[in-house]
Amino acid sequence: MRADDDEALRAFVESRRTALFRSAYLLCGDRHEAEDLVQSALVKVVLGGRRHGRLDNIEAYARKTLVNTFIAGRRRFWRRERAYGELPDRPGNTADTDTGLVVRQALARLTARQRAVLVLRYWEDLSVEATAEALGMRTNTVKSHTARGLAALRAGMAEELV
């Protein structure tokens, strides 16, 4: 790999890290997990750039790597377990109408693929075709994940606001 390719990767990481973090935060819903996700994805992007030589569209490669790393992390068994020291006697107050909190809670109930599709379609403002290419899906699959994800998001938000 040439020195100017290394410099291009460095410039990309410096300029797009914040945008990737925002997308990762929407995917994860947790600041620390989003920072870890971005770090892992950027390491894979840099290593991929060095391994393949020159990447034609580094932005798309980074976005796809971020989403694939997120989905792969959600498949791990240990992510499904939730340990609690003491169980509460009664549920907490769920009548909080803070919109950001309600949206994050509703997003947390979606599957990893539905979240990925919704973030790429509505946050990153990608077309159906670009989202399908980024996730390695067919356009019909993206459309169905979008429809089901939006329906689940609406139902979750309505449930949180009641």
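This is a predicted model: local features need pLDDT of at least 70, side-chain atom pairs count only at pLDDT 80 or more; totals for chains, interfaces and linings use all residues.
When neighbours within four places in sequence are left aside, Thr146 is in contact with Val117, Leu118, Arg121 and Tyr122. Of these contacting residues, Arg121 lies over the face of Tyr122, at 5.4 Å from the ring centre. One aromatic pair is present in the structure.

The loop between helix H5 (112-123) and helix H6 (128-135) contains Asp125, whose phi is near 60 degrees, a positive value in a residue other than glycine. Most residues other than glycine have a negative phi. Asp125 counts as exposed because its relative accessibility is 66%, above the 50% cut-off.

The largest nonpolar core holds 30 residues, of which Leu27, Val38, Leu66, Val67, Phe70 and Leu135 touch the most other members. At least two residues of this core are supplied by each of helix H1 (3-28), helix H2 (31-52), helix H3 (58-75), H5 and H6, and the largest share, seven residues, comes from H1. Domain 1 (1-83) and domain 2 (95-161) each contribute at least three residues to this core. Not counting residues up to four places away in sequence, Phe70 touches Leu27, Cys28, Leu37 and Ala112. Another core, of five residues, lies apart from the largest one, and its members include Ala106, Leu110, Leu118 and Leu153.

Terms used
Residues are numbered from 1 along each chain as its sequence is written. Side-chain values use heavy atoms; hydrogens and water are left out. Rings of Phe, Tyr and Trp (its six-membered ring) pair if their centres lie within 6.5 Å; planes under 30 degrees apart count as stacked, over 60 as edge-to-face and the rest as tilted. A charge sits over a ring if NZ of Lys or CZ of Arg is within 6 Å of the ring centre and within 35 degrees of the ring normal. Helices (H or I, at least four residues) and strands (E, at least two) are DSSP runs, numbered from the N terminus. Buried means under 20% relative accessible area, exposed over 50%, partly exposed in between (1.4 Å probe, protein chains only). Contact means heavy atoms within 4.5 Å. A nonpolar core is a set of buried Ala, Val, Leu, Ile, Met, Phe, Trp, Tyr and Cys residues joined through side-chain atoms within 4.5 Å. Domain bounds come from an automatic or database domain assignment.
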